[in-house]
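Here is a short briefing to read alongside the model. Please keep the sequence and the 3D view open as you go.

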Amino acid sequence: MNKIVGLLVGLLFCWNVLADNIELNPSHPDRYVVVKGDTLWDISARFLQTPWRWPDIWQANDQIENPHLIYPGDIIELSFIDGQPRLTLKRGDGKLSPSIRRSSLEDAIPTIPIGDIAAFLNNPRVMTQEEHDAAPYVVAFDDEHILGSPGYKAYVRSLDENSEEGYSVVRQGAEFKDGETGESLGFESVFIAESTVERTGDPATVMVSKATREVLKGDRLLPAVEGPVVQNYFPRAPDSDIKGRIIAVVDGVSQIGKHNIVVIDRGQQNGVEVGHVLQIDRAGETIRDVVAGGGAEVTLPDEKAGTLMVFRVFERVSYGLVMKSRHALHLLDVVRTP
């Protein structure tokens with residue numbers, strides 16, 4: 001974990017020679033005092049038009065302990081060196097609360113609002129129809145119960161004798177389809193409950209716990225995902241040309257805005273990685289050309305409408321957090337390398 005954090009930190013605060021291409025926010029301040037609740041993205045947006053390019057103008061101070069970590073009370077200052085913008089950090093007079101410990105990674109401000117995505121870091125998952133059909137499934141409950149709830153035993157078939165101790169109970173959700181071709185990219189596996197194996201065999205016995213809804217016969221089991229949750233990200237534009245579409249939005253809202261979570265139809269096999277920043281273009285509307293007549297139609301060009309950052313990647317789809325929206329966004333809007 002320390003090596004991963006070290007790598008992210010090193011990447012995040014490198015000195016990039018492309019700083020001369022940076023566009024500053026026209027209303028940028030000369031200095032900013034960090035407050036609790038800030039994120040690195042929000043602070044960067046105060047200074048830059050493209051917040052993910054913070055590393056390009058960051059100048060670390062070797063005399064400051066942990067200069068790659070920023071805490072409430074710290075001061076960010078903008079200066080110019082040889083005509084190029086530079087951002088520097090001061091552990092200064094920012095009215096830092098005595099209760100804040102600068103030595104703790106947990107106290108440092110996050111890159112993005114972790115609270116908006118925390119529930120989605122381990123769940124849901126994406127499975128193909130074949131993977132879903134092959135997964136262990138609930139066949140019955142004890143005491144002739146029709147449904148399963150926390151504290152109930154469930155009987156499961158197709159659970160391997162050398163099974164994991166903990167499993168997530170999931171249910172097949174919406175199908176994800178390519179925004180252009182309509183090809184199936186997999187199904188969302190909706191988290192239902194946690195379960196613990198009490199006895200192996202056919203059927204095996206599991207104890208249901210921490211349910212978000214009642215367990216049904218036919219629900220599937222997947223090994224529980226454990227381990228540390230990623231708290232820091234390295235936002236960056238992809239090196240390759242990626243273009244796809246928004247194909248789903250969490251909570252099913254019709255219009256998408258800032259900090260909504262969306263699903264795009266591009267994943268690992270398309271070169272998408274965690275931390276990739278993608279531009280969102282509002283898909284051009286196809287309208288009737290009343291001047292040309294004869295039923296002629298024309299498709300208006302796509303217009304830049306927002307930005308998202310990918311935080312979870314599967315083989316053919318990815319989950320992203322909308323970081324900026326100039327206009328209301330919609331399903332099938334285009335995402336691409338900025």
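This is a predicted model: local features need pLDDT of at least 70, side-chain atom pairs count only at pLDDT 80 or more; totals for chains, interfaces and linings use all residues.

Residues are numbered from 1 along each chain as its sequence is written, and side-chain values use heavy atoms, with hydrogens and water left out.

**Overall picture**

- The protein has three helices and 18 strands; these are DSSP runs numbered from the N terminus, with helices being H or I of at least four residues and strands E of at least two.
- Of its 338 residues, 43% are buried (buried is under 20% relative accessible area, exposed over 50%, partly exposed in between, with a 1.4 Å probe and protein chains only).
- Taking contacts (heavy atoms within 4.5 Å) between residues at least 6 apart in sequence, 67% join residues at least 24 apart.
- The accessible surface is about 17,700 Å², and carbon and sulfur atoms account for 48% of that; areas come from the Shrake-Rupley method with a 1.4 Å probe, and for residues only the protein chains shown count as cover.

**Strand 13**

- Strand 13 (residues 277-282) is largely enclosed by the rest of the structure, because five of its six residues are buried.
- It pairs with strand 16 (residues 303-313) in the antiparallel sense over six bridges (pairing requires at least two DSSP bridges between two strands), and here L278 stands opposite L308.
- Strand 13 also pairs in the antiparallel sense with strand 18 (residues 334-336), over three bridges; in strand 18, V335 is the bridge partner of I280.

**D219**

- D219 sits in the loop between strand 9 (204-209) and strand 10 (220-223).
- With a relative accessible area of 3%, D219 is buried.
- Its side chain makes a polar contact of 2.8 Å with the side chain of R171 (a pair of N or O atoms within 3.5 Å; within protein, one must be able to donate a hydrogen and the other to accept it, and residues adjacent in sequence count only if both atoms are side-chain atoms).
- The D219 side chain also reaches the backbone nitrogen of L216 at 2.8 Å.
- Leaving aside neighbours within four places in sequence, the contacts of D219 include P136, Y137, V169 and I192.

**I287**

- I287 belongs to strand 14 (residues 286-288).
- Its relative accessibility is 31%, so I287 counts as partly exposed.
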